[in-house]
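Take a look at the structure first, and then let's walk through it together.

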Amino acid sequence: MAHRLQTITVYRLPPATSRPRIGGVLQTQVRYSATAVSIQQETALSSRRTLSAGSLPLTWPHKGWDDKVVLEVAPSHRKPRTLSDRVAWRVIRLCRWGMDLVTGMPPEPKACTKETRGTTAYRSLSESQWLVRFVFLETVAGIPGAVAGSLRHLHSIRRFKLDQGWIKTLLEESYNERMHLLTFLDLYRPGRLMRLAVCAAQGVLFNAMFVGYLLSPSFCHRLVGYLEDEAVATYTKCLDEMERGRLPLWTDPAFRIPDIAVQYWNMPEGKRTMRDLILYIRADEASHRGVNHTLGNLDQASDPNPFNDGHHSDVNHMHVAAIKPAGLEREEVLERCRHQGPGMRVAAGAAKSGFPSSGRTEGNLE
C-alpha cells in the first residue's frame, strides 16, 4: 500500500510593523512519517521538487548573461518627447504610486537638516514584503508581451505578411516574465487576497492592452518601456537593501535559491546567491526596457525587429538592449538593417509591399 507524504506548513510571520499585507512566506515544511518509509517518502519528495523545477525542456532557454553587462545595468528614464509619451509615463507613475501604497514601500529618506533631524527614520521592507511586490509585479509584466505577440501573429496570418521577427521577441519576453514569477513562487505562497488582486489586475490589463494595441501599438510599447524602467528601479533598490544588511535572510550564505532559477539562467557554481538571482532578473527587465522603447520608436508596419538573433549570430542582442535604456532610435535600427545583409532588406521590402518575399532571409523573420 502506497504511503502518502504528509506535510505541515509552518508560517513564521515578521513583527506586526513589517508584516506583508497580502499572503505570507512559506518558510519551512515539517515532515513526519514512519521511520520504515522515510527514505521512500524523501525520494518521492525529491522527484516532486524536480518536476516543479522544470524537468520538461524549456520553450525558450535563456541565453545567459555576461557579468559585465549585469553589473552595468542601472535605473534610467527616457524623457517623454510626445504627448503620447507623457501620457504613458503618467499612467505608469500612477500605477507605481498605487503599488507603493499597497505593498508598504516607504518613500526615499530625505536629507537631514536642522528642521528634519531625528524625524527621517527609514523603514525598509522585509523579505516577505519584497516577495509580495515581486510576485505581483511579474504577474502584470507577463501580460503585454503575450497580448502584443498574439495580435501580431493574427495580423500576419490575416494580411499574408511577414512580421519582421517581432512575434518571437514579444512572446519570449512574456515567457521570461513568467519564469521570474515561477521562481519567486518557490519562495512565496500567495494568499487569497493576493490571488484575487492578480485576477482583477489581469482582467483589467489584458483587455486594456488588447484594445490599446489595436489602436496604437507604439503607445503600448512605450508604456511597457516605462513599466520596465520602474521594474529595474525596484530590483536595484532591493539590491541596495541587501548590501546595507537589511535583508539578513537573503544574505545568509546558507540561503538556497530555487532550483528552477539555476536551471533557467544556467547559474554557475559559486554564483547562486539571492543577490545573483536579483541581478539576473534585473538584467532581464533592463533588456525588456530597451526592446520596448526601441519598438516604440519604429514604424509598426514595416520596420524589422533589430533584436531578433539569427541562428548563426555571435551577438546576443539582449545584451545590446540591456545597456540601451532609452532604446535604439529608428535611424540606428535601419542602419543595422543595412549592415545585416540582403536578407533583412528583402524581407523589409516584402513586408512593406504586403507580398511575401521569394528570397531566403537570414534569421527568424516569421
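Two residues are in contact when heavy atoms of theirs lie within 4.5 Å. The model is a predicted one.

Setting aside neighbours within four places in sequence, Phe134 is in contact with Phe184, Thr234, Tyr235, Cys238, Trp250 and Ile278.

Phe134 also belongs to the largest nonpolar core, which has 65 residues; Phe134, Phe184, Trp250, Trp265 and Met274 touch the most other members. Helix 4 supplies the largest share of this core, with 12 residues. Among the other elements that give two or more residues to the core are those in this table:

| Element | Residues |
|---|---|
| helix 2 | 67–72 |
| helix 5 | 166–185 |
| helix 6 | 192–215 |
| helix 9 | 259–265 |
| helix 10 | 274–297 |
| helix 11 | 317–322 |

A second, separate core has 6 residues, including Ala88, Trp89, Ile92 and Tyr226.

Now for a pair of helices. The axes of helix 3 (residues 83–103) and helix 4 (residues 127–159) come within 10 Å and cross at roughly 145°, and the crossing is right-handed. Helix 3 brings Arg96, Met99, Asp100 and Thr103 to the contact, while helix 4 brings Gln129, Val132, Arg133, Phe136 and Leu137. By class, that makes 4 nonpolar, 2 polar and 3 charged residues.

The C-alpha atom of Leu227 is 9.1 Å from that of Cys95, although the two residues are 132 residues apart along the chain.

Conventions
Residues numbered from 1 in each chain as written. Predicted model: local features only at pLDDT ≥ 70, side-chain atom pairs only at ≥ 80, totals over all residues. Heavy atoms only, no water. Axes fitted to C-alpha atoms, helices over the stretch in contact; angles between N-to-C directions. Helix = DSSP H or I, 4+ residues; strand = E, 2+ residues; numbered from the N terminus. Left-handed = near helix turned anticlockwise from the far one by under 90°. Nonpolar A, V, L, I, M, F, W, Y, C, P; charged D, E, K, R; others polar. Core = buried A, V, L, I, M, F, W, Y, C linked by side-chain atoms within 4.5 Å. Buried < 20%, exposed > 50% of the residue type's maximum accessible area, 1.4 Å probe, protein only.
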